Structures are given as C-alpha cells and as structure tokens.
Amino acid sequence: MICAGIDIGSITAKAALINGKDLLGTLVIPTGYHHLNAGIRVFDTLLQQNGLSRTDISFVVSTGYGRASVDFADKTMTEILCHGAGAHFLNPDIRGVIDVGGQDSKAILLDDQGRVENFAMNDKCAAGTGRFLEVMARALEVALDQMGEVGQKADNPSKISSICTVFAESEVISMIARQEKRENIIAGIHDAAAARVANLAAKIRIRGPVMMTGGVAKNSGMAAALEKRLKLPLIIESFSQETGAIGAAVLAAGTG
Amino acid sequence: MSEKPVDTTKIRSVKKMRDLMTTYYLEALSAGQNNKQVAWITSGGPVEPLVAMDIIPVYPENHGAMIGSAKMGEELCAKAEEMGYSFDLCSYARADIACSVEKGGPIGGLPRPDMLICCNNICGTVLKWYEIQARFYNVPLFILDTPICHTGYTPDIAAYVRAQVDEYIVFLENVTQRKLDHDKMTQVGKLSFEGQRLWQKVLNTTAHKPSPMSAFDAFFFLALIVTLRGTPIAVDFYKELIAEMEQRIKDGISSIPHEKYRLLWDNLPVWHRLKWLSARFSGHNACLVADTYTSAWCGAIQYIDEDNFLDSIAQAYTRIYLNIGVDQMADQVLDMIRFYDVNGLVMHSNRSCKPYSFGQMDIMKTVREKTGLPVLMIEADMVDPRSFSQAQAETRIDTFMEIIKQREA
Ligand code: SF4
C-alpha cells in the first residue's frame, strides 16, 4: 500500500511517498502564492518521478499551514503530529524533535511509539524562525544558504539582545554601521535565534535523542548554536526539510 | 455508530437572561432620574451591602466583557493607548477608561458613578484603575484590601479584613447619608448565599455526559451572579435554569452534537472569539464542559455563614481563586478535572490578566504530573484582538485535539 504525505509550508511545499517501511521518494518545491496549485504540482511531479499515478496511492494526508487547501487529500493533520511521526519513521529512538520552519518553530516530545506527548510553539513572533534568519541575511547581503558557513568563521560572536525581529534588525544594522565583522554578526544572529528555540525546548523539558527538522536544519551555524544552548547533540537527517511530509505519509498509512 | 439525530436545541433561558440584563442596565442608566445612587464595583467586591442599601451596583468588568463580545475592544483599547495608557495594561481597564471619555461601547458608556468600591482580591490593577476613575468623576472611593492568602487565612488577615468591612459600611452610610438596615442586610446575605449555591448547582449539571450546556453558556449565564448577586432575581432565574438543564439531561439534549471529548477551560473567556472557539472545538466533537472562571463566583461559598453574613464575608471575599497560592489553585483545577471527568485542559494565557495567567506554567506541570492529561496553552487577550493570532491558535487546537484522539483511541 503506497501512501502520500503533502506538507504545504509558508515557503516550500513538500511531498513524500512511502510503501510500508520504505521511503519511495520526496520532493521540495517553492510554495508560491497558490497553495492548492503547489500541492498538485509537488504531488504530481513526485508521482511522475516514481512512475506512479494517483490511482496507485491508497491514502493522502496533507499538513502544514496550507493543509486545508489540498482538496484532494483524504485527511488533514497538523504539522506537530506529522513531524513527530516523520522523525520516528526516520529514527525510532528519537524522543525530542525541534522543528524550525519558515514562520514558526516548535519543540515536540515523543513517546517510544512516536506519539506526541507535549509540544510548544513560538508565539505570534518571528524570532527564532526561518523568517528571522531571512530578514537578517538580507540586511547582511549574504545568501541565506551561506549563513551557516559564514557564521562558523566567527572569532567573537556579536550579542543581539532584542527578541523582536524588527528591533533585532535595527540592532544588526547598527552593528554593520560600526563595522563589526559580518561573521561575528551572523554568529550572534544564530545564537539569538537558537536562544528562542531553546526556550521552547525547555518549556516542554526536551530529552534526547533530539532530531532537528525543518528547512533551518540545513543551516549548520544555527544547528551548532542550538546544540550549545541545549547542551545536547542534534541528529539531522538529509530529509530534515521533508520530515513533515514523510510523517504525513506515515500517518496516512496508519489511517488508510 | 447509531445515527439517530442528536438534539442540540438552544437553551430557552437565554432570552430571559437577556431581558433581565437589559432591564438591569436600563435601570442603572436611568438611576439619576429615579433618585438612585450608582456604585461602580470590582467583580470580586462585596456587593451585598450595596444591594441592602438600595444602591445600584455597576461592574466595569462586566461592561468590559460586553465590549469584548461586541468586538469593540480594539478601538477602545487603542483610544486608551492614545491617551497615554500602556498596551500592557489590562484591556478591561483600557476599554473602561476610554469609554468614560468617549461615551462609546455597546451601551454608550456606563452610568456616572456616585461612588467607587474597589476590592483588590482579584488583582492590583483595579487599585490604580479605580483611583483614575475616582479622579475623573470626582467621587469617593472605598478600597477593601484583601491580602493574598498564599498558604492560608491567618488570624491577622481575618482581623484586618473584618475591620475594613465595618469601615465599608460606614463609608456607604456617609456617602448615602442613610443608615444600613441590618435586617435587610441579613436578607440580602441569605439571597446572595442562595444565589451562589444555585449557581454552583447550574455548573454542576455539566458533569453529566453528554453535557447539557458548555462553558461558553456558563460565560453568558454568569452575568447574573456577578451583577445581581443578593437579589431574588438571580435566585429565581437560576432555579429556572437548573430546571431547564435537568430537563435537557432527561431528554438527552446535549450542548454539542456529538460530545466525545470533554475539556476544562482555565482563565477568562476570549470574549471576541467565543463563537469561533466553540465551533473549532465542537468540530473535533469536543465540548468545553467547565471552567475555572465562572466558578469563582461560588468557589468561596464554604466560608459564608448566611446567619452571620457580614462577619463571614471577610473570609469569603479574601479566599477567592485569584487571591490564593498557586498550589491551592492547582488543587482546585485537579478537583475540577476529576469532577467533570475531562480529557484535557485548555489554558488561556491572557495577556491582560496577570494574576490569572501567572502560575499557569506551574499548574500545567502539576496537572501533567498528577493526571497525565494533555494541556494546551493558547495566547490571547479577553478583549483586545490584537493579542491573538487565529492561525496559530487553530494549529494548536487541532494538534491538541489530535493528541487527545490518539490517546483515547
Ligand atoms: S487584571 Fe485580571 S483580575 Fe484585574 S481587572 Fe483585569 S482581568 Fe480583572
């Protein structure tokens, strides 16, 4: 039985196909303005790549902010349960998940079956999310995917104290004006964002092994800053961005 | 699953309640023409002496709830901010202060007070709020100071508050130039006690499965025990309401179509999103059957001695939910979890109400440890919609319900 998961996030749309314990494939595309179109595109392209058609799929679960727009899904589930199920599928030992996505970040506690015991999400605020890093990357004229690498070269990380993204941006701009080293500012940004996320993790008293998921897991600087804050190593799979979609497919298989 | 249609007929008493509240506000608004005096009083304040002295009590907090429900909170709060008040100030206070100046809101503002009665058993905000209003209207203010009972009610606290109850009576006699009729006071005390007893009974009916009404209904029916406590109106109405609830139970009428999950709510309601929240939860077949808020108006009833009313209210008004320690609050929450047999706890972290929201993390932890139940925290504000993000609340509620479904499966 082949099942599909579709995760429509604020920035990217992801799809995953599983067959029992096997992950058949995943795909990530930009979401754009139209959530349903993104869902159709990511799903159909992935099917095509695997030589499958919609009739081969037994059950589809959609998740993410745009989950309700995916009208061809059999069921919708929230990201939290999907990230939990996805992390458990990728590594059954995982007990904690930290997901940092485009516009929100969350910390999840799992039991040994991959079921969610508790969770915490960021409040009405972009601090500690992908958006925060994006705003800062723009202010610093660094490509978003270079942030991790550049930040790792810091010799004396700057200190950013504002919680608010807008205030933090002005703080960064004044650092630029003072000609602080770009590497140091970036390291400071990662640490500031990591502090917010670590706060969420502390709220639910996260325990290891912890997996980091979501687009921001690809940022090595942010992951390193977070490890330092949490005093725990983070497990990052190559599918970090697609974990939610994989989890949706897993939950689809459980329901269908 | 049997597919027999489920009856969720509207509660009949709603109309009667609306009529009673309209009459109450009309009387209050025309007090001046009828040579009656008006006292503004905090929601947790001892209202009975006012009733006994024929002074009309008016509650800025109840008015605040009306402003919130009418979705007029944003405009009035923003007005108060323009006047220089902080966004961090309780939105009831902001809305009320702005309303006094603007004469805005759903009923064009409250009637002008002849005196203000402030009891700080609910919070410290009311002190400054009432001082501001006392200056604005240039009327006398009485403050009843009830120390927080972190661990218990000490003899010192008892003596201190009891002495103030006497001062309160003297204050009222001075302002009205009339003497308190002690027989009438006794009578009002008995009615207040009876009203609270009946209100508790109303709330108890929701222990039945499925629940004949929800916390959202309780938020509505609460207004009478707040505003007309100590009158026969409240007593008579709640008797009818209990009868209606018992009939609903007999007839198998439930609050939501398919009650599968039962939840407990903590903190004030989100007045501007009641419908939305209720629909969101009932979409998951979940009914908020009880809450810690509406029971605050009968939660200290065990301290009331109806034959010795004035002596006992010192204790009854000091030991209310918001004026006790977090451990005791957690105990009450645990009692309610057991009594209403709920599947989860929903906590409203209320931007406005610090005394209510402070300690919620600890209560959450205690509930988790002692019951293992899922607990959800939603950030919002009772009146000001600018402190609420619907999309975020949506995801949290859905996730919370998914967790409950997974657990109960
Ligand atoms: S702070 Fe809380 S208790 Fe005080 S007036 Fe506001 S809502 Fe009521």
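Reader: Where is B:Asn285 placed in chain B?
Author: This is a predicted model. B:Asn285 has a positive phi of about 60°, although it is not a glycine. Its relative accessible area is 26%, so B:Asn285 is partly exposed. Its place is the loop between helix 11 (274-282) and strand 6 (286-291) of chain B.

Reader: Is B:Lys103 buried or partly exposed?
Author: B:Lys103 is not a glycine, and its phi is positive, near 55°. B:Lys103 sits in the loop between helix 5 (91-102) and strand 3 (115-119) of chain B. Its relative accessible area is 42%, so B:Lys103 is partly exposed.

Reader: What is the peptide bond from B:Lys209 to B:Pro210, cis or trans?
Author: B:Pro210 belongs to the loop between helix 8 (182-204) and helix 9 (215-227) of chain B. Omega of the bond from B:Lys209 is near -5°. The bond is cis.

Reader: In chain A, where is A:Pro209?
Author: The peptide bond from A:Gly208 to A:Pro209 is cis, with omega near -5°. A:Pro209 lies in the loop between helix 6 and strand 9 (210-213) of chain A.

Reader: Which residues does A:Ala198 touch, not counting residues up to four places away in sequence?
Author: A:Ala198 is part of helix 6 (residues 182-203) of chain A. Its relative accessibility is 12%, so A:Ala198 counts as buried. Its C-alpha atom is separated by 9.8 Å from that of A:Lys106, 92 residues apart along the chain. The residues touched are A:Leu226, A:Arg229 and A:Leu230.

Reader: Which strands stand at the edges of the open sheet of five strands in chain A?
Author: The strand order is 3-2-1-4-5, with mixed pairing. An edge strand here has a single partner strand, so one side is left without a neighbour in the sheet. The edge strands of chain A are strand 3 (22-30) and strand 5 (75-76).

Reader: What is the bridge partner of A:Ile6 in strand 2 of chain A?
Author: Strand 1 (residues 2-8) and strand 2 (residues 12-19) of chain A run antiparallel. Seven bridges join the two strands. In strand 2, the partner of A:Ile6 is A:Ala15.

Reader: Which residue takes a positive phi in the hairpin of strand 7 and strand 8 of chain A?
Author: Strand 7 (residues 105-110) and strand 8 of chain A run antiparallel, joined by five bridges. A:Leu110 stands opposite A:Val116 in strand 8. Five residues lie between the strands, and phi is near 85° in one residue of the hairpin. That residue is A:Gly114.

Reader: How many of the six residues of strand 8 of chain A are buried?
Author: Strand 8 of chain A covers residues 116-121. The strand is mostly covered. The buried count is five.

Reader: Which residues is B:Arg396 in contact with, leaving aside neighbours within four places in sequence?
Author: B:Arg396 is found in helix 16 of chain B. Its relative accessible area is 6%, so B:Arg396 is buried. In chain B, the contacts are B:Leu376, B:Met377 and B:Glu379. In chain A, they are A:Phe119, A:Met121, A:Asn122 and A:Asp123.

Reader: How far apart are the end C-alpha atoms of helix 16 of chain B?
Author: Helix 16 (residues 390-408) has 19 residues.

Reader: Which helix of chain B gives the most to the shell around the ligand?
Author: The residues around the ligand include B:Glu61, B:Cys90, B:Tyr92 and B:Trp129. The shell divides into eight nonpolar, two polar and one charged. Three residues of the shell come from the helix that gives the most, helix 6 (residues 125-137) of chain B.

Reader: How many disulfides are there over all chains?
Author: A disulfide needs two cysteine sulfur atoms within 2.5 Å. B:Cys77 is buried at 0% relative accessible area, and its sulfur is 8.5 Å from the closest cysteine sulfur, in B:Cys90, too far for a bond. B:Cys149 is in no disulfide either, as the nearest cysteine sulfur, that of B:Cys119, is 11 Å away. Over all chains the count is zero.

Notes
Residues are numbered from 1 along each chain as its sequence is written. Chains are lettered from A and ligands numbered from 1 in the order in which they are written. This is a predicted model: local features need pLDDT of at least 70, side-chain atom pairs count only at pLDDT 80 or more; totals for chains, interfaces and linings use all residues. Side-chain values use heavy atoms; hydrogens and water are left out. Two strands pair if DSSP finds at least two bridges between them. Helices (H or I, at least four residues) and strands (E, at least two) are DSSP runs, numbered from the N terminus. A residue is near a molecule or strand if one of its heavy atoms lies within 4 Å of it. Ala, Val, Leu, Ile, Met, Phe, Trp, Tyr, Cys and Pro count as nonpolar, Asp, Glu, Lys and Arg as charged, and the others, Gly among them, as polar. The expected span of a helix is 1.5 Å times one less than its number of residues. Buried means under 20% relative accessible area, exposed over 50%, partly exposed in between (1.4 Å probe, protein chains only). Contact means heavy atoms within 4.5 Å.
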